[in-house]
Amino acid sequence: ERSKAMSNEKTPATNQELGRKLGLGAVIALGVGTTVGSGIFSSLSEVANAAGSCLFLVLAFVIGGLLQIPANFCYAELASAFPEDGGQYVYFREAGSRPLAFLCGWISFWATDPPSISIMALAVANYLGVFLHASPFVLRCIAVVAVIFFMFMHLRSVEGGGAFQTIITAFKILPFVLIIGVGLFFINGEIFMSSTPLTGASVGGFAALVAGVSATTWSYDGMAAACYMSGEIKEPEKNMPRGLVLTAIVVLALYAGLTIVASGLLTIDELAASDAPIALMASKIPVIGGAAQTVVAIMAIIVVIGSLSSCIMYQPRIEYAMAKDNLFFKAFGQVHPKYQTPAFSIVVQCAVAIVLIFATSLADLLGYFTLVALVKNFLTFGTIFVLRKKAHYKPTYRIPGGLIMPCIAMFMTATLIWGQFIYAPIAGLVCALLALGTGLPAFYFWDRKNKKANG
């Protein structure tokens, strides 16, 4: 239940509610659809390079996936306690930190969400370029068309968007399942045990495994996407926890199967050196053979389309939730009278993404906000410690293992924060200062405005 202070700040113009029209399938489709994106097509080589052996590559993905499950348990408890749209924004707000809640949405809107849409739209266009051989400008136009198409789809119907997301997620999983199923028959045991000279059974083996596990964490990011749409899920107290846990299981099984097949078909050196490890792996399967590049390009298009659709569907919900609390522009909180979707929020976020498609240098700069986004995730898991002490916190689902799970989730996120900081320390700190320097004044502007309106 919302706190009285926040509910009193709502105005009649933003008092419309989105209906609960999505089921368990949509929760899983959003999580799997967002997580299994273009990253897996390159992350295999990154993890292989860190792990140093095929065995450690498989173990890295399995352990990495198991360590991400606590994060989903945390989100499951939070979503069952506050089954409304907004995700992290809502959790910070209910934990009593309205400035942090606002900064969460502020950073998402200006720095992380639209760039993710533009990057995925460009990825779809670039994979299509394998078949079209078009100029860069034409490919950018194709990316714009993709954004506009999904914008209208999710603007017109949440049920239609949810149905499409479920279908495209099934289609994106199917090629992986086929490659895994067929590839298992051609695994070479000797290749599976291959390692680089510096790792394998050497003293540095354990360190290599830890490095490999750390390198997998990005591949599992996005599993809690449905939390942003908790207010539109039927029976959220049941479907959100079930969906989040099943999402983690599906993604883990998919990645584990893929790495087992890759490790049985390619040596660790081949995996580590390849720019397109899945295409190289597919070329080693006799049934696919020479058509591997085409097959993988089609797979990539389907996979990225699913992620693009998912992001356009759930990301605008955070600004919608903020506007309902009068902490963002009022128009973002409007529900379309006919389509019953946050149409304005969807349109504006897609418009910003389209601008970034033609301003890739700006999109690259916004990528440095990753450090800020990771800190936001770290603090989100920490809200459980605060919320469990509050009387209004009544989750219908409790994390198994108690507070050990959020501790593991925070530890895993902390390793990412450290890695990102080492990668770009100055840029990350500048972005953090920029977020605070713009976000806090904006928060106090809206907060002061609300206080004056309420006398």
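Guide: The buried residues of helix α2 are Ala-26, Val-27, Ala-29, Leu-30, Gly-31, Val-32, Gly-33, Thr-34 and Thr-35. Buried means under 20% relative accessible area, exposed over 50%, and partly exposed in between, with a 1.4 Å probe and protein chains only. This is a predicted model: local features need pLDDT of at least 70, side-chain atom pairs count only at pLDDT 80 or more, and totals for chains, interfaces and linings use all residues. Residues are numbered from 1 along each chain as its sequence is written, and side-chain values use heavy atoms, with hydrogens and water left out.

Back to α2. It covers residues 24-35. Helices are DSSP runs of H or I, at least four residues, numbered from the N terminus. From first C-alpha to last, α2 reaches 17 Å, close to the 16 Å expected at 1.5 Å a residue. That expected span is 1.5 Å times one less than the number of residues.

The helix is mostly covered, with nine of its twelve residues buried. What do the buried residues of α2 pack against? Their partners are α8 (158-183), α11 (236-265) and α14 (292-314). Contact here means heavy atoms within 4.5 Å.

Now a single residue elsewhere. Asn-377 sits in helix α18, residues 370-387. Asn-377 counts as buried because its relative accessibility is 17%. Setting aside neighbours within four places in sequence, Asn-377 is in contact with Tyr-75, Gln-88 and Thr-413.

How values were computed: Helix = DSSP H or I, 4+ residues; strand = E, 2+ residues; numbered from the N terminus.
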